[in-house]
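Visitor: May we go through this entry together, in questions and answers?

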Amino acid sequence: MKKKLLSFLLATTMVATLATGCGEAATADTGADEPAATTEETTEETTTASGDQTVGIAMPTQSLERWNRDGSYLKEQFESKGYAVELTYSDNKIDQQVKDIEGLIADDVDLLVIAAIDGESLSQVLADAKDANIPVISYDRLIMNTDAVSYYVSFDNYTVGKLQGEFVEKQLDLANAGDKTYNIEFTAGDPADNNAGFFFNGAYDVLKKYIDAGTLVVKSGQTDFDKVATKNWATDEALKIMQNILASYYGDGKTKLDVALCSNDSTALGVTQAIESDYWGDVKDVIITGQDGDVANLANLVDGKQTMTVYKAVANEAVATLDLGIALLNGETPDEGLISAAGWNFDCAYDTESYDNNVAKIPSYLLVPTVVTKDNLEKELVDTGYYTLDANGYPQATN
Ligand code: BGC
C-alpha cells in the first residue's frame with residue numbers, strides 16, 4: 001500500500017513537473033545541440049544510497065539524442081527514491097558496453113537497467129549478472145538469447161511503424177488512389193537493434209497492399225529489411241544510402257520521390273539532407289517520417305522539411321522502469337497488477353506474448369507512442385512540458 005502511494009506520488013509529481021515545464025529534476029546533457037561535457041565512457045556515480053541499494057544503468061550512446069534523455073530521467077527517478085545510481089554510456093561500442101556492464105556487476109549493483117547496443121552480444125555478461133542474482137530490466141530494446149532478463153520496458157514498437165505507415169496511407173489517401181501512383185523509399189534502423197525490425201514491419205505491413213497493387217512504387221526495389229537497414233542508426237550512413245538511391249533512380253530531373261519512410265529521426269535527418277542536396281525537387285513535397293522528436297527533426301517539422309515524427313515520452317518510460325525496478329528490488333514478481341497499483345498517468349499494456357528473446361517470452365510493459373506533426377507539435381510537446389519554444393519558434397528539450 002505504501003509503495004502504491006509512493007509510486008502514485010512519483011508519477012503525479014513527474015507529470016506535474018513536466019506539465020509546468022519546470023524540468024527541474026532533469027540535469028543531463030540534452031544531446032546533439034550541446035557539446036558533450038563528459039566522455040562517453042565516463043561512469044557517473046552518486047552516493048545517495050537508501051538501504052544501500054544501487055541501480056546500474058547502461059545506455060548505448062550519447063551521440064543519439066534520445067538516450068541522453070533516458071539516462072538522465074532514469075538516474076533522476078531512482079535517485080529521487082534514495083537509490084544510488086551508476087550510469088554508463090558506451091559510445092555505441094559493443095565491447096565497451098560489455099565492459100561497462102561487467103563493471104556494474106563488479107560494483108555489486110542490485111538491479112541492472114540496460115538499453116543494449118547489440119541485443120545479441122550480452123549473453124555472457126548477463127550470465128554473470130544472473131550468477132550474482134542481479135535482476136535485469138531490458139530497457140527499450142529487447143536483449144536476446146539470454147535467460148537473465150526479467151522484464152522488458154518499451155513502447156509498442158510495432159505500433160510505432162504502423163503509425164508511420166498509416167500516416168502515409170492517410171496523407172496520400174491511398175485507399176482511394178485509383179490509377180494514381182506514388183514513389184516511396186524505405187530507410188530502416190540498425191539490424192543489431194531488435195526494435196528495428198518491429199518498426200519496419202509495422203510500417204511495411206500497412207503499405208504492402210499498396211505496393212502489391214502498384215499504387216506505391218519502390219523505384220530502388222529495396223523492400224527487404226536487410227537491404228534498407230542503417231548501421232548504428234547513423235545519420236551520415238542514411239545520408240549516403242539515400243544519395244545513392246537518388247542518383248540511381250531519381251536523377252533524371254523528373255522522377256518524383258513522394259515518400260521517404262524513415263524509421264527514426266536520426267536516419268530521417270540524413271535522408272532529409274540527401275533530398276535537400278541531391279534531389280531535383282523540393283524537400284517540402286516529400287513526405288518524410290521519423291520517430292523520437294529529436295531537436296533537429298522538430299526544427300525540420302516546423303520548417304516543413306520533415307512531415308511527422310512518432311513521439312515516445314521517455315519520461316514515462318523511466319517512471320514505468322522505476323516502479324518495476326522498485327518491485328524487483330523488493331523481491332517481488334510484478335505482473336499486470338503493477339500498472340493499476342502504480343497509478344500511472346499514461347497508458348501502458350502488459351504483454352506476455354509479443355517479445356520472445358529466443359529463450360523465453362519476456363513479460364513486457366509497453367507504452368503508447370504518439371504521432372506529432374507541425375500542427376499538433378505545440379499541444380503534444382510544448383503544452384505537456386517536454387519542450388519549450390525558443391525565440392525563433394523552434395522546440396528545445398526541457399531536460
Ligand atoms: C529506439 C528509438 C531510437 C533508435 C536509435 C531504438 O531502439 O527505440 O527510439 O530512435 O533506437 O537510437
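Guide: Residues are numbered from 1 along each chain as its sequence is written. This is a predicted model, where local features need pLDDT of at least 70, side-chain atom pairs count only at pLDDT 80 or more, and totals for chains, interfaces and linings use all residues.

Visitor: Over which residues does pLDDT stay under 50?
Guide: pLDDT is the predictor's confidence in each residue, from 0 to 100. The protein averages 90, and 87% of the residues score at least 70. The stretch where pLDDT stays under 50 is residues 1-49.

Visitor: Which strands stand at the edges of the sheet?
Guide: Strands are DSSP runs (E, at least two residues), numbered from the N terminus, and two of them pair if DSSP finds at least two bridges between them. The open sheet has four parallel strands in the order β8-β7-β9-β10. Each edge strand has a single partner, so one side is left without a neighbour in the sheet; these strands are β8 (216-217) and β10 (287-288).

Visitor: Which residue of β9 stands opposite F186?
Guide: β7 (residues 182-187) pairs with β9 (residues 259-262) in the parallel sense, over four bridges. Opposite F186 stands L261.

Technical notes
Contact = placed C-beta atoms within 7 Å.
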